[in-house]
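Please find below a colleague's note on the structure shown here.

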Amino acid sequence: MLMRSLLLVLMGWAVCACASAQDKAASKPEVFLLLPEPRAARTAHSLVLGDAKQTVFSPAQQSPDKSTIQVYPAKEFAKLGISPETFAKKARAAADRLLASLKPELIRDTAGRVRYAVYRGESTIYACLLVAPSLAKTFEPVFGKEIWVAAADRHALYIFPPNPLVVDDFAGDLADRFE
């Protein structure tokens, strides 16, 4: 009986130790992020992705307390010893990890159909999810193979079906929120 109790205590300790290690890993600030910014805010290491005309993606990291996202200054980026393209590859992988850990809010119409989805919260990391390679695949069962994505600010990422009427309705709602 004593051995069984001791074994259960040890098993409980092992589970707690594993959970504690996971908590510590999850609590580390993300150091590979691509932050969408206006082209005017471009840095020497910013990238233009796709056919973007007015948007660049700048290498960034979370602050130590995870309260903000900070674009790497040139000297700090140089210390990483990697190219912007290699950074982008790591940032896409980080965005995929982050995306997998989050659950979107599904916004439904009165008939219960999903109109659009949104990731939002106090964190400023949501706009960085734009580069997650798995983003479209995540919403394929809901919206089909094509999605439209908007980041109105750093605290939210909106995902739409490729339907201009849904986006128009949303734009009106968004304008009302910011007035």
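**Notes on the sheet and the chain**

1. Residue Q62 lies opposite I69 of strand β3. Strand β2, covering residues 55–62, pairs with β3 in the antiparallel sense, and three bridges join them. Strands (E, at least two residues) and helices (H or I, at least four) are DSSP runs numbered from the N terminus, and two strands pair if DSSP finds at least two bridges between them.

2. The model is predicted: local features need pLDDT of at least 70 and side-chain atom pairs count only at pLDDT 80 or more, while totals for chains, interfaces and linings use all residues. Residues are numbered from 1 along each chain as its sequence is written, and side-chain values use heavy atoms, with hydrogens and water left out.

3. An open antiparallel sheet is built from three strands in the order β1-β2-β3. Its edge strands, each pairing on one side only, are β1 (33–38) and β3 (69–71). From one strand to the next, the twist averages 55°.

4. Helix α3 (residues 84–100) packs on this sheet and touches β1 and β2; contact means heavy atoms within 4.5 Å. The direction of α3 makes about 100° with that of β1, where axes are lines fitted to C-alpha atoms (for helices, over the stretch in contact) and angles run from 0 to 180 degrees between N-to-C directions.

5. The chain has five helices and seven strands, arranged from the N terminus as α-β-β-β-α-α-β-β-α-β-β-α.

6. Of its 179 residues, 31% count as buried, that is, under 20% relative accessible area with a 1.4 Å probe, protein chains only.

Technical notes
Buried means under 20% relative accessible area, exposed over 50%, partly exposed in between (1.4 Å probe, protein chains only).
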